[in-house]
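Please consider the structure shown here.

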Amino acid sequence: QVQLVESGGGLVQPGGSLRLSCAASGTMFRIVTMGWYRQAPGKQRELVATITGAGSTNFADSVKGRFTISRDNAKKMVYLQMNSLKPEDTAVYYCRWGTSNYWGQGTQVTVSS
C-alpha cells in the first residue's frame, strides 16, 4: 500500500524560505505524477504544484516564480522549495500520489512576523 510522509514545515518570517520533503513508498513511484497541495482554515484544498515521473512541472499562478517542485526517483522523494514566502502561504501542505486518494498526513507552514 502507498504511504506518504511529509516533513520540513515550520514557522518562518515573510520573505523567508522553507523546503518541504515527501518520502514515498510504492513500487511504481517513478511512473506516477506527484503533487503538492495546501489547505488553509476555512478554505478548500488547492493544488500548488505537480511533477511527472519524467520531471515536467506545473504550478499554481499564486506560487509561480517563488516555488519549485522536484523529485529524486532513486530515493522516492518529492520536494517543494518555497522562497519569498508570504502570509497567504500559511496552510497545511500535503503530498499526493497521482490523482489517487493517497495523501500524506500534512505538514504545517506558518508565515508570520
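A network of salt bridges links R38, E46, R66 and D89. A salt bridge is taken here as a side-chain nitrogen of Lys or Arg within 4 Å of a carboxyl oxygen of Asp or Glu. The model is predicted, so local features need pLDDT of at least 70 and side-chain atom pairs count only at pLDDT 80 or more, while totals for chains, interfaces and linings use all residues. Residues are numbered from 1 along each chain as its sequence is written, and side-chain values use heavy atoms, with hydrogens and water left out.

Strands, like helices, are DSSP runs numbered from the N terminus; a strand (E) has at least two residues and a helix (H or I) at least four. D89 also forms a salt bridge with R66, at 2.8 Å from N to O. R66 lies in the loop between β6 and β7 (67-72) and D89 in the loop between β8 and β9, so this pair ties together parts that are 23 residues apart in sequence.

How accessible are these side chains? R38 and D89 are both buried, a term that means under 20% relative accessible area, with exposed meaning over 50% and partly exposed in between (1.4 Å probe, protein chains only). D89 counts as buried because its relative accessibility is 0%, and R66 is buried with a relative accessible area of 11%.

The count of salt bridges comes to 4. One of them joins the side chains of D61 and K64, at 3.1 Å from N to O. Here D61 is exposed, its relative accessible area being 66%.

Six strands form an open sheet in the order β2-β10-β9-β4-β5-β6, with mixed pairing; two strands pair if DSSP finds at least two bridges between them. At the edges stand β2 (10-12) and β6 (57-59), each with a single partner strand, so one side of each is left without a neighbour in the sheet. Neighbouring strands of this sheet are turned by 25° against each other on average, direction ignored, where axes are lines fitted to C-alpha atoms, for helices over the stretch in contact, and angles run from 0 to 180 degrees between N-to-C directions.

Inside the sheet, β4 (residues 34-39) and β5 (residues 46-51) run antiparallel and are joined by 5 bridges. G35 stands opposite T50 in β5.
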